[in-house]
Structure formats: C-alpha cells, structure tokens
Amino acid sequence: MSGTDEILAEQHEAVLLLTLNRPEQLNAWTPTMRSRYVALLERADRDPSVRVVVLTGSGSGFCAGSDITAPPDSEDLGTADTHHRLSLSMRLRKPVISAINGAASGAGLAAALFTDVRFTTPEAGFTTAFSRDGMVAEHGLAWLLPKLVGLGTAMDLLLSARTIDGTRAHELGLVDRVVPSDQVLAETMEYAATLARECSPASMAAVKQRVYSGLDTGLETAVSDAGLHMITALRGGTDPTRERDTRQRHEPGFPPLD
C-alpha cells in the first residue's frame with residue numbers, strides 16, 4: 001500500500017476529511033503515514049477552499065499507535081521533528097476535529113488528543129500504552145495530558161497505561177462528545193460543516209492561537225493579548241471585507257484565510 005493509500009483525503013465542500021486507512025493493522029502509524037499527514041495538514045492550511053479538517057480511522061479502529069514492524073525512512077528516524085508531527089493539528093490555523101471511531105493507543109492517542117474537538121463512541125478504547133511497551137510518554141503527551149485531565153489523572157493514565165472506554169474518557173475530559181458508533185463520523189462531519197458555514201475562519205484561527213499560546217502564559221499576559229486582538233477585530237482587521245454591523249454577525253460570507 002502506498003503512502004497515498006494509507007491516508008485518504010476527501011473534500012466535502014469546505015471540510016477536508018482525512019481517513020487513516022490501514023484497517024487490518026488498526027490504522028497503526030508508519031513513517032510514510034506521518035509524512036503524508038503533515039503534508040496534508042500543511043496543504044489544508046494553505047488552501048482557502050478548506051476551512052475545517054476532520055480526522056478519523058477506517059474499519060473498527062482509530063489508530064493503534066506506531067507500527068513497529070514498518071521500516072523507518074531516513075527523515076523519520078532519530079529526529080525531534082518526528083515527535084512534533086502528530087501535534088501539528090494544534091498549531092494549524094484551521095480547526096481539526098477528530099472522529100475517534102475505535103481504539104486510540106500510544107501515538108494514535110496523541111494524534112487524537114492534539115485535535116481541537118474530539119468525538120468518540122462509548123465502545124472506543126483509549127490507552128497511553130507507553131509504560132506497558134517499555135517506552136516513555138512520547139509525542140508531547142506528558143505536556144498535554146495534565147492540561148486536559150489534571151496532574152493526578154494524567155499520571156495514572158501514563159503510569160498504568162490502563163485502557164478506558166469512550167464514556168469514561170468523556171467523564172475525564174479526554175473527549176468532548178460521545179455518540180453511537182454508527183453516527184460518530186456523520187455527527188463529526190455535521191459539526192465541522194457548521195463551523196465551516198457559520199464561523200469566521202480568521203476568528204477561529206485567532207481563537208486557536210490565543211487558547212494554545214495561553215496555556216503557557218500568565219493571566220495578565222493572556223488578557224492583554226486578548227484585548228489587542230479584540231481591538232483589531234472591532235476595527236475590521238479580523239475580516240476586512242465583512243460588515244461590522246453586529247446585526248449581520250450570523251450571516252454567511254466570511255472570507256477565507258489568506
């Protein structure tokens with residue numbers, strides 16, 4: 001199977017659907033998959049016709065981590081960049097929404113958690129996996145998990161590598177919505193389409209930038225930066241071609257990102 005086949009890309013109006021496509025291996029990551037994932041996200045960020053990205057898996061799993069049987073490529077082995085690739089979705093200007101349709105383990109869990117909003121099913125399984133494989137908390141999960149679920153729960157999930165289902169993941173704050181398995185992709189796509197249709201791309205980009213940069217700044221800095229962004233938006237700088245009359249704020253017609 002080629003790298004192109006390992007991740008499928010389909011555009012549905014302004015929503016780009018990316019599907020991890022190694023169902024027999026529960027969509028375990030290969031080096032070529034990671035490279036293609038980065039390329040697709042970077043292309044989506046530049047493409048004005050794409051406003052939202054959705055990530056899901058084919059078959060019964062979302063992503064069972066890294067495929068240790070897959071040969072590494074020369075650009076993937078032993079580089080720090082390898083471990084930044086799965087977090088690219090967080091740094092993208094456009095929203096990335098995940099439809100976690102099944103098992104999310106190790107690197108697969110990281111790929112899911114670095115998306116902006118996460119849908120899953122009650123039956124999906126979540127595990128950090130690393131400690132049971134003799135590995136460390138890779139791909140930035142040691143940084144991200146405490147921010148999502150708190151220090152104690154993050155330590156529990158990382159140390160024990162126990163598996164929890166989608167319902168428990170929602171209770172802990174790992175995911176945002178739990179829907180029946182036969183509806184998870186449809187509901188995720190509907191949510192993404194609503195964002196693409198009704199929300200300003202520039203505003204969504206600013207929201208992502210402020211929220212994620214604020215994770216490592218103090219309150220005073222965050223409030224000051226937000227005030228500067230608000231002044232720009234009120235002056236029309238966020239969407240220069242859009243009328244600023246508040247009565248029109250729910251009308252369609254927001255311009256794409258440059």
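Let's start at helix H7 (residues 151-160), where Ala154, Leu157 and Leu158 are buried. They sit on the same side of H7 because they cover an arc of only 95° around the axis, the arc being that of the directions from the helix axis to the C-beta atoms. Over on the other side of H7, Gly152 and Leu159 are exposed. Buried here means under 20% relative accessible area and exposed means over 50%, with partly exposed in between, using a 1.4 Å probe and protein chains only. Helices (H or I, at least four residues) and strands (E, at least two) are DSSP runs, numbered from the N terminus.

A quick word on where this comes from: the model is predicted, so local features need pLDDT of at least 70 and side-chain atom pairs count only at pLDDT 80 or more, while totals for chains, interfaces and linings use all residues. Residues are numbered from 1 along each chain as its sequence is written, and side-chain values use heavy atoms, with hydrogens and water left out.

Back to H7. The cover over its buried residues includes helix H6 (141-149), S8 and helix H8 (166-172). Just past the end of H7, Ala161 has a positive phi of about 55°.

H6 is the next stop. Its buried residues are Leu141, Leu144, Leu145 and Val149. Looking down the axis of H6, you find these buried residues within an arc of 100°, so they line one face of the helix. They pack against helix H4 (88-91), helix H5 (107-113), H7 and H8; contact means heavy atoms within 4.5 Å. Just after H6 comes Gly150, with a positive phi of about 90°.

Searching the whole structure turns up 1 cavity of 30 Å³ or more, and the largest cavity has a volume of about 50 Å³. On a 1 Å grid over the protein atoms alone, a cavity is a set of points where a 1.4 Å probe fits but cannot get out, and lining residues have an atom within 4 Å of a point. Grid points are joined across faces, edges and corners, and the volume is the space filled by probe spheres set on the points. Leu145 and Leu157 are among the residues that line the largest cavity, and the others are Leu109, Phe126, Thr127, Thr128, Arg162, Ile164 and Leu174. That lining divides into 6 nonpolar, 2 polar and 1 charged.

On to the sheets. S5 runs parallel to strand S7 (residues 125-127), with 2 bridges between them, and Ser105 stands opposite Thr127 in S7.

The other open sheet has 6 strands in the order S1-S2-S3-S4-S6-S9, and its pairing is mixed too. S1 and S9 are the edge strands here, each pairing on one side only. At the S1 end, strand S1 (residues 7-12) and strand S2 (residues 15-20) run antiparallel and are joined by 6 bridges. They make a hairpin with 2 residues between them, and Glu13 in the turn has a positive phi of about 55°. His12 has Val15 in S2 as its bridge partner.

Further across, strand S4 (residues 96-100) pairs with S6 in the parallel sense over 4 bridges. Ala99 is bridged to Phe119 in S6, and Ser98 to Arg118. On its other pairing, S6 runs parallel to strand S9 (residues 177-178), joined by 2 bridges, with Phe119 opposite Arg177 in S9.

Which way do the side chains of S6 point? In a regular strand the side chains alternate between the two faces of the sheet. In strand S6 (residues 117-120), Val117 and Phe119 point one way and Arg118 and Thr120 the other way, and all are buried.

Zooming out, the protein has 11 helices and 9 strands. Buried residues make up 47% of its 258 residues. Of the contacts with a separation of 6 or more, 71% come from residues 24 or more positions apart.

Definitions and conventions. Pairing = 2+ DSSP bridges. 1 Å grid on protein atoms, 1.4 Å probe; cavity = no way out; pocket = protein on both sides within 12 Å on 5 of 7 lines; lining within 4 Å. Nonpolar A, V, L, I, M, F, W, Y, C, P; charged D, E, K, R; others polar.
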